[in-house]
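Have the picture open while you read.

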Amino acid sequence: MKENTIVAIATPRGEAGIGVIRISGPDAKSLLQSVFEPKNKKEVENRRFTYGYIKDGDSLIDEVMAVFMKGPNTYTREDVCEIQAHSSHVTLKKIISLLIEKGGSLAEPGEFTKRAFLKGRLDLPQAEALMDLISSKTELAHKQALKQLGGFTSHKLNEALESLKEVLVQIAVLIEYPEEDLEDINKEELKEKISLIKEEIKDLIDTFSSGRILREGLRVSILGKPNVGKSSLLNALLKEERAIVTETPGTTRDTIEELLDIEGIPVRIMDTAGIRETKNPVEKEGVKRAKEKIQESDLVVLLLDGSVEIEKEDREISELIKDKKSIILLNKRDLGKAVNIEEAKLLFPDSPVIETSITESMGLKELLEEIGLMVEREDAESLEKAVITNIRHYELLKKAMDSLEDSLKAIKDNQPLDIVEIDIKEGFLRIGEILGRTVKEDILKEIFERFCLGK
Ligand SMILES: Nc1nc2c(ncn2[C@@H]2O[C@H](COP(=O)(O)OP(=O)(O)OP(=O)(O)O)[C@@H](O)[C@H]2O)c(=O)[nH]1
Ligand SMILES: [Mg+2]
């Protein structure tokens with residue numbers, strides 16, 4: 001069956017100098033010629049911009065530049081045309097209607113990229129990277145998407161697939177020619193190879209948290225016992241009276257979440273209820289939520305009242321956050337200095353400690369710098385490695401790792417090699433699925449539908 005030729009507006013709605021229409025498919029050139037009349041009436045040449053008119057019969061629609069690019073060295077690997085018209089949406093829609101009238105089909109969102117994928121121009125992670133690139137809102141997300149588009153992640157995954165293939169070949173040989181006395185040596189070798197691949201996969205999985213930060217932002221929760229100034233800090237960072245501040249301990253009950261931009265990275269900042277033992281059911285729920293936020297955070301900003309001694313409650317909270325990255329604030333320094341920095345350092349040896357007075361705007365700049373530093377570190381780390389940013393990749397990698405773990409266990413339990421083989425094949429398939437080799441049609445549809453029209 002001959003493939004249809006798709007058309008779409010590739011630029012966003014709104015006022016601009018030009019708007020671009022894209023055409024892709026076997027009839028791209030004839031479709032262009034059916035609506036386009038070059039000024040000098042000459043034939044449209046391959047890869048050469050031509051000036052002329054879009055006409056519906058005798059009536060003029062727009063004055064445009066048009067180009068025809070012969071496949072397969074095009075984005076979709078098909079014949080492609082582009083029309084640069086004036087950007088009025090009315091004009092662009094008229095041209096699209098005309099193209100459809102002449103036999104073109106309106107493209108679905110992401111259909112150009114889907115064709116590029118189906119024709120082998122891109123693998124699935126690269127196509128997904130393109131979508132990230134289009135929607136990237138920060139410098140870092142942009143860099144990361146470019147890297148994935150360049151095939152950095154795909155390369156890693158292909159390596160893992162190759163290694164798994166080797167293991168599968170080895171198992172097939174062993175099943176075919178079982179030599180009893182070699183068995184133990186073979187087993188050890190297999191175990192070693194599988195473990196190595198598993199480690200590689202685990203490394204990739206571990207990059208997901210920094211990958212997520214790049215895409216969705218850093219999650220920072222503000223924690224501390226009641227009345228230390230958590231809500232005051234949120235308000236100061238947002239430069240607005242977002243949360244209620246009073247001198248009564250236990251003011252904040254619900255968690256409040258807002259978005260900030262620090263060094264080009266979106267930061268989700270969360271104010272929480274002061275953590276303490278309480279009988280009040282509403283406050284109790286607030287404390288429970290505050291504790292839950294710890295798990296979700298990439299960074300905890302812990303406030304202590306620096307004008308009084310460290311209390312039992314502070315120590316208890318320090319236990320709760322000991323596995324998290326944290327920044328410690330000794331707040332209310334305007335009221336006195338009962339805790340010194342060294343003392344705080346003893347309790348939090350790995351965290352920066354900053355003296356603040358939120359009411360007098362002291363120390364806030366340092367806090368922002370510290371958060372910025374953390375972001376930079378993520379940046380530097382992620383630029384060296386292939387980073388998993390996509391939840392689909394993450395889930396599949398986890399499944400692949402589970403399968404490899406099962407295979408190792410099967411070897412250890414002296415299970416027959418067929419069982420080991422099943423587990424390895426399962427891992428192989430999951431990684432192949434990330435790359436789009438064994439992916440089902442409905443999943444493909446879902447992925448490409450998230451694209452914008454005309455891409
Ligand atoms: N002197 C002084 N007062 C502060 C400072 N920061 C906050 N406060 C005051 O401390 C009181 C409590 O502040 P909040 O921001 O409501 O404290 P919180 O930690 O959110 O309290 P809960 O929501 O009850 O857990 C308010 O009266 C603030 O004005 C500071 O640096 N210096
Ligand atoms: Mg509060």
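In what order do the seven strands of the open sheet lie? Going across, the order is 3-4-5-6-2-1-7, and the pairing is mixed.

## Before we start

Quick heads-up: this is a predicted model, where local features need pLDDT of at least 70, side-chain atom pairs count only at pLDDT 80 or more, and totals for chains, interfaces and linings use all residues. Residues are numbered from 1 along each chain as its sequence is written, while chains are lettered from A and ligands numbered from 1 in the order in which they are written.

A few words will keep coming back. Helices (H or I, at least four residues) and strands (E, at least two) are DSSP runs, numbered from the N terminus. Two strands pair if DSSP finds at least two bridges between them.

## Three domains

The protein splits into domain 1 (6-107), domain 2 (126-207 + 389-449) and domain 3 (217-379). Those bounds come from an automatic or database domain assignment. Between the C-alpha centres of domain 1 and domain 3 there are 57 Å.

Start at strand 3: it runs antiparallel to strand 4 (residues 50-56), with three bridges between the two. Look for proline 38, whose bridge partner in strand 4 is glycine 52.

Next, strand 4 pairs with strand 5 (residues 59-69), again in the antiparallel sense, over seven bridges. Here lysine 55 has leucine 60 in strand 5 as its bridge partner. Strand 4 and strand 5 make a hairpin with two residues between them, and glycine 57 in the turn has a positive phi of about 65 degrees. Strand 5 then pairs with strand 6 (residues 80-86), antiparallel over five bridges, and alanine 66 stands opposite isoleucine 83 in strand 6. While you're tracing strands, a handy thing to know: in a regular strand the side chains alternate between the two faces of the sheet.

A cis peptide bond joins glycine 71 and proline 72, with omega at about 5 degrees.

## Helices side by side

Now for some helices. Helix 14 (residues 391-412) and helix 15 (residues 417-435) have axes that come within 8 Å and cross at roughly 165 degrees. (Axes are lines fitted to C-alpha atoms, for helices over the stretch in contact, and angles run from 0 to 180 degrees between N-to-C directions.) That angle makes helix 14 roughly antiparallel to helix 15. As for the wording, angles under 35 degrees count as roughly parallel, over 145 as roughly antiparallel, 65 to 115 as roughly perpendicular and the rest as oblique. The crossing of helix 14 and helix 15 is left-handed; a crossing gets that name if the near helix is turned anticlockwise from the far one by less than a right angle, and it is right-handed if clockwise.

Helix 6 (residues 152-176) meets helix 15 too: their axes come within 10 Å and cross at roughly 160 degrees. Helix 6 and helix 15 are therefore roughly antiparallel to each other, and their crossing is left-handed. Helix 6 also packs with helix 7 (residues 183-206), at an angle of about 160 degrees and with the axes 11 Å apart. So helix 6 and helix 7 are roughly antiparallel to each other, and helix 6 passes helix 7 in a left-handed crossing.

Isoleucine 222 stands opposite valine 301 in strand 11.

## Around the ligand

Which residues come nearest to ligand 1? Out of the 24 residues around it, they are Gly229, Ser231, Ser232, Thr252 and Gly274. (A residue is near a molecule or strand if its C-beta atom, placed from the backbone, lies within 6 Å of it.) Helix 9 (residues 230-238) gives the most to this shell, with three residues.

The shell around ligand 1 divides into seven nonpolar, 13 polar and four charged residues. For that count, Ala, Val, Leu, Ile, Met, Phe, Trp, Tyr, Cys and Pro are nonpolar, Asp, Glu, Lys and Arg are charged, and the others, Gly among them, are polar.
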